[in-house]
Amino acid sequence: MNKSELVEALASRMKMPQYKIRDFINNFQIVFEEELQKEDNAIVLQGFGTFTLWKQTARPGRNPRTGCECLIRARNSVKFKPGKFLLNALNEEKI
């Protein structure tokens, strides 16, 4: 599912115009980015999951096409740990 499909699905489910849903998602993304950039800050959506900033260190790597060694620079990434309710919903037995 991409962003357009998400907007369409939410607009249909919530019976709202797509432009309002798109605006909400864009602002939601901005708030996530701002909060994760703060030091030692996690975003917890109870039952859904937790998003935390993960600082990857610089490390040696290799270009798989050429085999040439290179240095992968340090960067920030995000880890997601699913919540109990999300895991239960994904693992329910379908009869």
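Predicted model: local features only at pLDDT ≥ 70, side-chain atom pairs only at ≥ 80, totals over all residues.
Let's start with strands β1 and β2, residues 42-45 and 49-56, which run antiparallel and are joined by four bridges.

For the protein chain the mean pLDDT is 91, with 97% of the residues at 70 or more. Confidence is highest in helix α1, residues 3-14, at 95, and lowest in helix α3, residues 84-90, at a mean of 91.

Back to β2, then. Which strand does β2 pair with over eight bridges? That is β5, residues 75-82, and the pairing is again in the antiparallel sense.

On to the helices. Two packed helices are described by the angle between their axes and the distance between the axes. How do α1 and α2 cross? Their axes come within 9 Å and cross at roughly 120 degrees, with α2 covering residues 18-37. So α1 is oblique to α2, and the crossing is right-handed.

And who meets whom here? From α1 we have K3, L6, V7, E8, L10, A11 and M14, and on the α2 side Q18, I21, R22, I25, N26 and Q29. Sorted by class, this contact has seven nonpolar residues, three polar and three charged.

Terms used: Residues numbered from 1 in each chain as written. Heavy atoms only, no water. Pairing = 2+ DSSP bridges. Helix = DSSP H or I, 4+ residues; strand = E, 2+ residues; numbered from the N terminus. pLDDT = per-residue confidence, 0-100. Axes fitted to C-alpha atoms, helices over the stretch in contact; angles between N-to-C directions. Parallel < 35°, antiparallel > 145°, perpendicular 65-115°, else oblique. Left-handed = near helix turned anticlockwise from the far one by under 90°. Contact = heavy atoms within 4.5 Å. Nonpolar A, V, L, I, M, F, W, Y, C, P; charged D, E, K, R; others polar.
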